Amino acid sequence: MAEPASKTVIKSPSDPREYKFFRLANNLKVLLVSDPETEKSSASLDVRIGCAQDEQTLFGTAHFLEHMLFMGTEKFPDEKEYSEYI
């Protein structure tokens, strides 16, 4: 279950979007942005980890897996189809 985080999101007075920041039970920090004027929804994840955290025998695995996420799925079988959809 999520619990409210104590941080306040600082935004420009001219920014009409709404923001909500909270922390999940697994300690993952979440920032939700609501913009009723937009036509599409999206999500992003920054895990702040990469090849520098790979074991020497598995060096490059994180980067490889990142690319595998966009190699095609059942819904978007072509390599660039998902990117073009977005």
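This is a predicted model: local features need pLDDT of at least 70, side-chain atom pairs count only at pLDDT 80 or more; totals for chains, interfaces and linings use all residues.
## Chain and secondary structure

The chain holds two helices and three strands. Read from the N terminus, the order of these elements is β-β-β-α-α. Strand E1 covers residues 3-4 and strand E2 covers 18-23, strand E3 spans residues 29-34, and helix H1 takes in 61-68.

Of the 86 residues in the chain, 9% are buried. The accessible surface amounts to about 8300 Å², and carbon and sulfur atoms contribute 55% of that area. Among contacts with a separation of 6 or more, 5% link residues 24 or more positions apart.

## The largest pocket

The volume of the largest pocket is about 490 Å³. Its lining consists of 17 residues, and those closest to the centre are Leu31, Val33, Ser42, Ala43 and Ser44. Strand E3 supplies six lining residues, the most of any contributor.

Sorted by class, the lining contains eight nonpolar residues, five polar ones and four charged ones.

## Val33 and its partners

Val33 belongs to strand E3 and is one of the residues closest to the centre of the largest pocket.

Once neighbours within four places in sequence are set aside, Val33 has contacts with Arg17, Glu18 and Tyr19. For Val33 and Tyr19, the C-alpha atoms are 4.7 Å apart, while the sequence separation is 14 residues.

## The loop between E1 and E2

Asp15 sits in the loop that joins strand E1 to strand E2. Its relative accessible area is 12%, so Asp15 is classed as buried, the cut-off being under 20%. The side chain of Asp15 forms a polar contact of 2.5 Å with the side chain of Tyr19. Tyr19 is also one of the residues in contact with Val33.

Ser14 is placed in the loop between E1 and E2 as well. With a relative accessible area of 63%, Ser14 is exposed, whereas Asp15 is buried. A polar contact of 2.9 Å connects the side chain of Ser14 with that of Ser12.

Asn27 lies in the loop between E2 and E3. Its phi is positive, at about 75°, although Asn27 is not a glycine. Most residues other than glycine have a negative phi. The relative accessible area of Asn27 is 51%, and this residue is therefore exposed, given that the class begins over 50%.

Glu37 is located in the loop between E3 and helix H1. At a relative accessibility of 69%, Glu37 is likewise classed as exposed.

## Summary

The model has the element order β-β-β-α-α, and buried residues make up 9% of the chain. Strand E3 gives the most residues to the lining of the largest pocket, and Val33 of this strand is in contact with Arg17, Glu18 and Tyr19. Tyr19 in turn has a side-chain polar contact with Asp15, a buried residue of the loop between E1 and E2.

Note on methods:
Residues are numbered from 1 along each chain as its sequence is written. Side-chain values use heavy atoms; hydrogens and water are left out. On a 1 Å grid over the protein atoms alone, a cavity is a set of points where a 1.4 Å probe fits but cannot get out, and a pocket is an open set with protein on both sides within 12 Å along at least five of seven lines; lining residues have an atom within 4 Å of a point. Grid points are joined across faces, edges and corners, and a volume is the space filled by probe spheres set on the points. Helices (H or I, at least four residues) and strands (E, at least two) are DSSP runs, numbered from the N terminus. Ala, Val, Leu, Ile, Met, Phe, Trp, Tyr, Cys and Pro count as nonpolar, Asp, Glu, Lys and Arg as charged, and the others, Gly among them, as polar. Buried means under 20% relative accessible area, exposed over 50%, partly exposed in between (1.4 Å probe, protein chains only). A polar contact is a pair of N or O atoms within 3.5 Å; within protein, one must be able to donate a hydrogen and the other to accept it, and residues adjacent in sequence count only if both atoms are side-chain atoms. Contact means heavy atoms within 4.5 Å. Accessible areas come from the Shrake-Rupley method with a 1.4 Å probe; for residues, only the protein chains shown count as cover.
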